[in-house]
Amino acid sequence: MGSEEEPSQMRRAVVDSLAGAISGGISRTVTSPLDVIKIRFQVQLEPTTSWGVLQRDVYGPSKYTGLLQATKDILREEGLPGFWRGNVPALLMYMPYTAIQFAVLHKLKTFASGSSRTEDHLHLSPYLSYVSGALAGCAATLGSYPFDLLRTILASQGEPKVYPNMRSAFVDIIKTRGVQGLYCGLSPTLVEIIPYAGLQFGSYDTFKRSMMVMALNSQFCANYMNGQLLPC
């Protein structure tokens, strides 16, 4: 019995990983232009508000002052490819991130519930659901963080570029900061991801359980009204 269940668990982990990786890659590619614009605003020292633009004698001129203006500037200076700058390392981040997250989450829930069946995972206590989600998020972050760093560096570049491609950025970081440089900013990222992933998956399980109970109660009432069930 155990030997039959193990291959089933492996297949489920592979399916979860592939589904998570593909969905993460698609969503990342579609939303890349907005992510690039967001990063440009984040790394710009000058203010982007209309009040800040008026204070040019204090702050200096702002390159990006609004969403529409930033879109036009990037398109004019860098063309359409500019909106997908850093997308390759982003895909290399999101795809393993989602794959690791779903695979680890399923494994943790299987360990906690003693069963690999998804239905049995719904019976886990909310506490275990939150902890499983937080640990899965941490594992996914550790496994994909260097690509997140490279994505941010490349996407924040305007013209002229500091790094022409991902390889040059990777080599420069290793050369100047060592391997630990690829994990710069990891600690605050983990501090953020623990409550985020915990709440995300814990809340998902909690609401899913509630919705299933409501659906069962509704079905019971419908059957009772149709005369298919006897009152207690």
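Q: What should I know about the model before we start?
A: It is a predicted model: local features need pLDDT of at least 70, side-chain atom pairs count only at pLDDT 80 or more, and totals for chains, interfaces and linings use all residues. Residues are numbered from 1 along each chain as its sequence is written, and side-chain values use heavy atoms, with hydrogens and water left out.

Q: How many helices and strands does the chain have?
A: 9 helices and 0 strands. Both are DSSP runs numbered from the N terminus: helices are H or I with at least four residues, strands are E with at least two.

Q: What share of the chain is buried?
A: Buried residues are 37% of the 232 residues. Buried is under 20% relative accessible area, exposed is over 50%, and partly exposed is in between, with a 1.4 Å probe and protein chains only.

Q: Pocket next. How much space lies in the largest one?
A: About 490 Å³. The volume is the space filled by probe spheres set on grid points, which are joined across faces, edges and corners. The grid is 1 Å over the protein atoms alone; a pocket is an open set of points where a 1.4 Å probe fits, with protein on both sides within 12 Å along at least five of seven lines.

Q: Which residues lie nearest its centre?
A: M93, Y94, Y97, I193 and Y196, out of 17 lining residues. A lining residue has an atom within 4 Å of a point.

Q: Which helices supply the lining?
A: α5 (87-113), α7 (126-155) and α9 (186-225) each give at least two residues.

Q: How does the lining divide by residue type?
A: Into 8 nonpolar, 6 polar and 3 charged. Nonpolar covers Ala, Val, Leu, Ile, Met, Phe, Trp, Tyr, Cys and Pro; charged is Asp, Glu, Lys and Arg; the others, Gly among them, are polar.

Q: Back to helices. At what angle do α5 and α7 pack?
A: About 165 degrees, with their axes 8 Å apart. That makes α5 roughly antiparallel to α7. The contact of α5 with α7 has 19 nonpolar, 7 polar and 3 charged residues.

Q: How are axes and angles defined?
A: Axes are lines fitted to C-alpha atoms, for helices over the stretch in contact, and angles run from 0 to 180 degrees between N-to-C directions. Under 35 degrees is roughly parallel, over 145 roughly antiparallel, 65 to 115 roughly perpendicular, and the rest oblique.

Q: And where do α7 and α8 stand?
A: Their axes come within 10 Å and cross at roughly 115 degrees; α8 is residues 166-177. The two are therefore roughly perpendicular to each other.

Q: What about M166?
A: M166 is in α8. It is partly exposed, at 24% relative accessibility. M166 and L150 are 6.8 Å apart, C-alpha to C-alpha, and 16 residues apart in sequence.

Q: Last one: where is P81?
A: In the loop between α4 (67-78) and α5. P81 is exposed, at 61% relative accessible area.
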